[in-house]
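Please keep the sequence and the coordinates at hand while reading.

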Amino acid sequence: EVIPATGNHSFANGACTVCGKEDPNKPVEIPFKDVAENAWYYEAIAYTFENNLLNGVGSTKFGPETTVNRAMVATVLYRLAGEPTVNGTANFKDVDDNTWYGKAVAWAAEKGIVTGYSDKTFKPTKTISRQEMATMLARFAKLVGIDTAEGADLSSYPDAGSVHAWAKESVAWCVDNGIITGVKVSGKLNLKPLGDTTRAQLATIVMRYHKLVNG
């Protein structure tokens with residue numbers, strides 16, 4: 001479950017003001033004891049927490065190395081959209097509208113960001129692959145008017161052939177805009193399209209996207 005953010009924060013139109021913060025150049029203080037200030041993902045986790053996009057798995061725990069599931073990504077995108085009113089239901093037989101992710105999945109399905117599986121399930125707790133996440137993010141970008149047709153040439157990545165046809169345009173757009181930069185394997189950057197995504201990686205990707213569209 002995504003736990004509501006804690007701390008001395010106020011939010012308006014997706015932006016956040018940290019009450020009482022004297023020095024805007026100081027790192028944002030976060031309540032997560034499992035996120036060290038010198039960790040490569042500290043900035044991303046602080047940024048997504050400050051902007052109310054990605055919260056903890058408890059009041060003092062973020063779980064940076066925990067893998068991300070489909071429901072979590074739908075929820076983050078719903079927050080990026082400003083949590084609009086949802087009138088319909090998800091219509092997936094494995095999604096209860098009363099769950100913490102029910103509204104987010106219903107909204108994502110309505111907007112075509114998620115389509116589910118042929119057996120009419122969404123599989124909310126299934127770990128999401130990197131190419132699935134890229135596809136959902138690109139569909140969201142299209143929803144807000146961003147042209148995602150132009151993308152990077154993926155041929156320089158050793159595992160480019162592993163990207164499924166339905167995900168190539170989305171992955172290429174994410175790479176072209178620096179949202180996905182690859183994972184080093186034997187000294188070379190790989191896309192790892194079928195690989196899992198950790199919460200730290202998700203925070204980094206969401207921060208990059210948010211900065212891209214908000215300047």
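## A polar contact and its surroundings

A polar atom of the side chain of Asn-190 lies 3.1 Å from the backbone oxygen of Lys-188, where a polar contact is a pair of N or O atoms within 3.5 Å, of which, within protein, one must be able to donate a hydrogen and the other to accept it, and residues adjacent in sequence count only if both atoms are side-chain atoms. This is a predicted model, in which local features need pLDDT of at least 70 and side-chain atom pairs count only at pLDDT 80 or more, while totals for chains, interfaces and linings use all residues. Residues are numbered from 1 along each chain as its sequence is written, and side-chain values use heavy atoms, with hydrogens and water left out.

Asn-190 belongs to strand β4 (residues 188-190); helices (H or I, at least four residues) and strands (E, at least two) are DSSP runs, numbered from the N terminus. With a relative accessibility of 10%, Asn-190 counts as buried, a class that means under 20% relative accessible area, with exposed set at over 50% and partly exposed in between (1.4 Å probe, protein chains only). Apart from neighbours within four places in sequence, Asn-190 is in contact (heavy atoms within 4.5 Å) with Tyr-157, Pro-158, Asp-159, Gly-182, Val-183 and Val-185.

## The chain as a whole

The protein chain has six helices and four strands, and their order along the sequence follows the pattern β-β-α-α-α-α-α-β-β-α. Of its 215 residues, 46% count as buried. Among contacts between residues at least 6 apart in sequence, 71% join residues at least 24 apart.

## The nonpolar core

In soluble globular proteins, nonpolar side chains tend to be buried together. A nonpolar core is here a set of buried Ala, Val, Leu, Ile, Met, Phe, Trp, Tyr and Cys residues joined through side-chain atoms within 4.5 Å. Which residues of the largest such core touch the most other members? They are Ile-30 and Leu-77, out of the 65 residues in this core. At least two core residues come from each of α1 (42-50), α2 (70-80), α3 (102-110), α4 (130-143), α5 (168-176) and α6 (199-214), and α2 supplies the largest share, eight residues.

Once neighbours within four places in sequence are left aside, the contacts of Ile-30 are Val-35, Tyr-42, Ile-45, Ala-46 and Phe-49. After α1 comes Asn-52, whose phi is positive, near 60°.

Val-171, in helix α5, is buried, with a relative accessible area of 5%. Not counting residues up to four places away in sequence, Val-171 touches Gln-131, Ala-134, Leu-154, Val-163 and Leu-191.

Two packed helices are described by the angle between their axes and the distance between the axes. Axes are lines fitted to C-alpha atoms, for helices over the stretch in contact, and angles run from 0 to 180 degrees between N-to-C directions. A crossing is left-handed if the near helix is turned anticlockwise from the far one by less than a right angle, and right-handed if clockwise.

| Helix pair | Angle | Axis distance |
|---|---|---|
| α2 and α4 | about 20° | 11 Å |
| α4 and α6 | about 20° | 12 Å |

Angles under 35 degrees count as roughly parallel, over 145 as roughly antiparallel, 65 to 115 as roughly perpendicular and the rest as oblique. By this rule α2 and α4 are roughly parallel to each other, and α2 passes α4 in a right-handed crossing. Arg-70, Val-73, Ala-74, Leu-77 and Leu-80 of α2 make this contact with Glu-132, Met-133, Met-136, Leu-137 and Phe-140 of α4.

The helices α4 and α6 are likewise roughly parallel to each other, and their crossing is right-handed. Here Met-133, Leu-137, Phe-140 and Ala-141 in α4 meet Leu-202, Ile-205 and Tyr-209 in α6.

## Positive phi in loops

Lys-123, in the loop between α3 and α4, has a positive phi of about 55° although it is not a glycine, and Lys-123 is partly exposed, with a relative accessible area of 29%. Ser-186, placed in the loop between β3 (183-185) and β4, also has a positive phi, near 55°, and at 76% relative accessibility Ser-186 counts as exposed.
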